[in-house]
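This briefing goes through a structure by topic, with the cut-offs stated where each term comes up. Please read it alongside the sequence and the coordinates.

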Amino acid sequence: MSGRHRLIGWRDHLIGLALCTSYVALLLVSSAEIGMSRDEGFYVDAARQYATWFSALAEDPSAATEQAVVDRHWTHNHEHPSLVKSMFAFFHLAQEDHALFEQPSMAFRFFGMLTGGLLLWLIYIFGARSFGRQVGVFAAVAFALLPRVFYHAHLDAFDVPIVLMMTLVTYCYWRSLTDPRWAIWTGITYGLALETKHNAWTLPAIFLIHWLFVVFTERRARRGGEPKRTSYVPWWILAMALLGPPIFVALWPWMWFDTLARFNEYAAFHLNHEHYNMAYFGVNYFRPPLPVGYPWVMVLFTVPFVTLALAATGLFTRLRALLPPGLMERLWPTGRALPDSSRTDVLFFGVMIAPLVVISMPWTPIFGGTKHWFSGYPFLCIFAGVAFVRVARELRRRWPASLGSGKLTARLVAFVLLLSPAVVETVHSHPFGLSHYTAAAGGVPGAADHGMNRQFWGFTTGSLADWFNAQMPDGGRVWICDTTWTAWRMLQEDGHLNENIRASGDMISADYAIVHHEHHFVEVDYQLWTAWGSVAPVHVLSYDGVPIISVYENPRHAARRLRREREAGREGD
């Protein structure tokens, strides 16, 4: 039976700590290969301004908290809450004082990596408490080996931190159903989630639906003579309402002044969000609605197939526990998948599919990318862990006696075999995480044939640094397409790109121009062909044979380069 009955001790937290530190170390080692993305550049700029304010606050708190000073430092990028960017700022300050990291970008990215590690710790504890330690370990490792999650876990962005916070709020809410003291933690963590990203807005509705299901089950159980198991009083929602908003405002200095008007501005930005373009089966969508199937197909195309199949199997295994009591008893009078009083299976299922449902709605702005439903993946992986345990048990039952004791060996064999495909997928996806597609899409070439999005955020520019260094030893200018100025500059601060190779906003006079292969940049190819009189790129960055970036050379620069090469050749003679 799932639920609150499994005890967790200090050894479990040592396992969680080991998962956390191992993942963070892996992310640190591999981060240098990923160029900074578009959104990261905005958050780096914001974090630097926040860092200046924190320094001013330490020197003169009274002056630093005046509205004019606060607004000067906190208005930039105020469409997103400040908690995560504040942490970026603190690590940036630590880097300036103590040089903690090899590269400046790591200081901005480290907190995002840390939240990825802490998330594995939490997934293990949540899975172990609800379904057992084997489920918890498998779920945590399976989550770490989701290729797109692995990419995002490197970034100074909010997408992995908000998954951590939403999972933590869910955990506290779940504990509060049987221990009202946890309601306080639910309210506190909800405030932190609100101050992380707007995705947290959906949690009260998800919890309310689940709580009504729990109350219905409890009432039925009490009528049947069973003792009280859960409280009818929703202490959790009182705590979320009373603690969440004050914490949200208190941690965001920009919200300290004209709070209501500024919150309305913040909410309106996301409720009426600009529409990012998204390519889906050959159609480039610039405005909603996206096809209803978009997020569901993207799950199929980006989550390793074995992990997805295990999650489906785990769901089927627990299907009896997902049903209302009356229907469950009629369809499955007997069975092993018994629900607990907290209806944990229902909660996990709801949190897993809710973000996919939200993105499927015709009025939802086109945000783009898979990151907007990452908050459902921890629970998808827990269901996959449930299936893993069944596979391991079946393998143990069939284990040949001639091979020795099958108990531990069968588990290890099942663990390795079932996670190996995800290991291969994740390793192969790096550093092109947003360009990676699984076998269900036909791999990266198959996704290109289907007309799916090849990338976004301009992060793949980082993979061109060595090529530009070799081509432009004396420096020059590059028109950078979807790359931000901050992202380009960070490549230079990290030592990947020569300082004398400058970013240019003038396509015509630049020495080189890059074109990211996205549907809405097709016009840029034509502009370059017309302006420079050549349709042939001088270099194509590809991934599994699929073009990711084309680099064009200005004919004037090519002529100068050839002239220098001939002169150098004559001098050599």
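Exposed means over 50% relative accessible area, buried under 20%, and partly exposed in between, with a 1.4 Å probe and protein chains only. Helices are DSSP runs of H or I with at least four residues, strands are runs of E with at least two, and both are numbered from the N terminus. The model is predicted: local features need pLDDT of at least 70, side-chain atom pairs count only at pLDDT 80 or more, and totals for chains, interfaces and linings use all residues. Residues are numbered from 1 along each chain as its sequence is written, and side-chain values use heavy atoms, with hydrogens and water left out.

**Helix 13**

- Helix 13 covers residues 259-271, and its 13 residues should span 18 Å at 1.5 Å a residue, which agrees with the 18 Å between its end C-alpha atoms. The expected span is 1.5 Å times one less than the number of residues.
- The buried residues of helix 13 are Arg262, Tyr266, Ala267 and His270.
- These residues cover an arc of only 135° around the axis, so they sit on the same side of helix 13. The arc is taken from the directions from the helix axis to the C-beta atoms.
- Packing partners of the buried residues of helix 13 are helix 4 (67-74), helix 10 (182-194) and helix 12 (235-250). Contact means heavy atoms within 4.5 Å.

**Helix 23**

- In helix 23 (residues 485-493), the buried residues are Thr486, Ala487, Trp488, Met490, Leu491 and Gln492.
- The buried residues of helix 23 pack against helix 2 (38-59), helix 6, helix 22, strand 3 (476-479) and strand 4 (501-504).
- Gly495 follows helix 23 and has a positive phi, near 85°.

**Aromatic pairs and a charge over a ring**

- The whole structure holds 45 aromatic pairs. Rings of Phe, Tyr and Trp (its six-membered ring) pair if their centres lie within 6.5 Å; planes under 30 degrees apart count as stacked, over 60 as edge-to-face and the rest as tilted.
- Phe348 and Phe379 form a tilted pair, because their ring centres are 5.1 Å apart and their planes are at 50°.
- Phe348 lies in helix 18 (residues 344-360) and Phe379 in helix 19 (residues 377-397), so this pair ties together parts that are 31 residues apart in sequence. Both Phe348 and Phe379 are buried.
- Trp467 and Tyr512 form an edge-to-face pair, with 5.6 Å centre to centre and 85° between the planes.
- Trp467 belongs to helix 22 (residues 465-471) and Tyr512 to strand 5 (residues 512-516), so the pair ties together parts that are 45 residues apart in sequence.
- Trp467 is buried at a relative accessible area of 17%, and Tyr512 is buried at 0%.
- A cluster linked by ring pairs consists of Phe126, Phe131, Tyr171, Trp174, Trp182, Phe348, Phe379 and Phe383.
- Arg148 lies over the face of Tyr437, 4.9 Å from the ring centre. The criterion is NZ of Lys or CZ of Arg within 6 Å of the ring centre and within 35 degrees of the ring normal.

**Nonpolar cores**

- The largest nonpolar core has 139 residues, of which Phe143, Phe207 and Tyr377 touch the most other members. A nonpolar core is a set of buried Ala, Val, Leu, Ile, Met, Phe, Trp, Tyr and Cys residues joined through side-chain atoms within 4.5 Å.
- Helix 6 (residues 104-131) gives the most to this core, with 15 residues.
- Beyond its neighbours within four places in sequence, Tyr377 is in contact with Phe143, Leu146, Val149, Val299, Thr302 and Val303.
- A second, separate core has 33 residues, among them Met507, Val515, Phe521 and Val524.

**Backbone geometry in loops**

- His430 and Pro431 are joined by a cis peptide bond with omega of about 5°. Pro431 is in the loop between helix 20 (407-429) and helix 21 (443-450).
- Ala99 is not a glycine but has a positive phi of about 50°. Ala99 lies in the loop between helix 5 (83-98) and helix 6, and counts as exposed at 55% relative accessibility.
- Arg343, also a residue other than glycine, has a positive phi near 45°. Arg343 is in the loop between helix 17 (325-331) and helix 18, and counts as buried at 2% relative accessibility.
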